[in-house]
Amino acid sequence: MPEVRDETKILLVGSNYKAYFPSLNKMNITHWTDKKKLKKALGLIFLAKVQNKKKRTNRVVVEYNRNSVNLMDIDNFYASLKYALDALKKLGLIQDDSREFMELKAVQTKVDKFKDEKIELIIYDYESGEN
């Protein structure tokens, strides 16, 4: 019988969640008070959507999968995860977002229709034999 991975999964379906994962360009023109509100709102969304609220104190892998009609530039794509990582840390779902405590696997996929857009975050324990 295959072993089941102990993971925390957050699935955000629909294009309305894209606002919570802003590009670097958008972040640079956003007022600091709006950034603070956005981070707080994202934390509350995660709290409601998280299927396994296991607090992790060891090194983890965070998979960031983004299906979108319009793909971002690479720098904007990685920067779009900033508020999400801050929210995960504040909720205790990751210990820290430094390389010492986290490995990031990020993939963006182009979809044809807005109804197919989704953002998925998966968190699981890092295993040293993993690539």
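**Salt bridges and sheet architecture in a predicted model**

K82 and D86 both lie in helix α4 (residues 82-90), 4 residues apart, or about one turn of the helix; helices are DSSP runs of H or I with at least four residues, strands are runs of E with at least two, and both are numbered from the N terminus. The model is predicted, so local features need pLDDT of at least 70 and side-chain atom pairs count only at pLDDT 80 or more, while totals for chains, interfaces and linings use all residues. Residues are numbered from 1 along each chain as its sequence is written, and side-chain values use heavy atoms, with hydrogens and water left out.

**Salt bridges**

- The model holds 6 salt bridges, each defined as a side-chain nitrogen of Lys or Arg within 4 Å of a carboxyl oxygen of Asp or Glu.
- K82 and D86 form one of them, with their closest N and O atoms 3.2 Å apart.
- K82 is partly exposed at 39% relative accessible area, whereas D86 is buried at 18% (buried is under 20%, exposed over 50%, and partly exposed in between, with a 1.4 Å probe and protein chains only).
- K82 and D86 also belong to a salt-bridge network that includes K39.
- A further salt bridge joins the side chains of E120 and K9, at 3.5 Å from N to O.
- E120 belongs to strand β4 (residues 118-125) and K9 to strand β1 (residues 7-13), so this pair ties together parts that are 111 residues apart in sequence.
- E120 is buried, with a relative accessible area of 12%, while K9 is partly exposed at 26%.
- K115 and D116 meet through their side chains in a salt bridge of 3.7 Å, N to O.
- K115 is exposed at 62% relative accessibility, and D116 is partly exposed at 35%.

**Sheet and helix packing**

- An open sheet of mixed pairing is formed by 4 strands in the order β1-β4-β2-β3, where two strands pair if DSSP finds at least two bridges between them.
- Strands β1 and β3 (102-110) stand at the edges with a single partner strand each, so one side of each is left without a neighbour in the sheet.
- Neighbouring strands of this sheet are turned by 10° against each other on average, direction ignored; axes are lines fitted to C-alpha atoms, for helices over the stretch in contact, and angles run from 0 to 180 degrees between N-to-C directions.
- Strand β2 (residues 60-68) pairs with β3 in the parallel sense over 9 bridges, and the bridge partner of R66 in β3 is Q108.
- Helix α2 (residues 32-49) packs on the sheet and touches β1 and β4, its direction making about 115° with that of β1; contact means heavy atoms within 4.5 Å.
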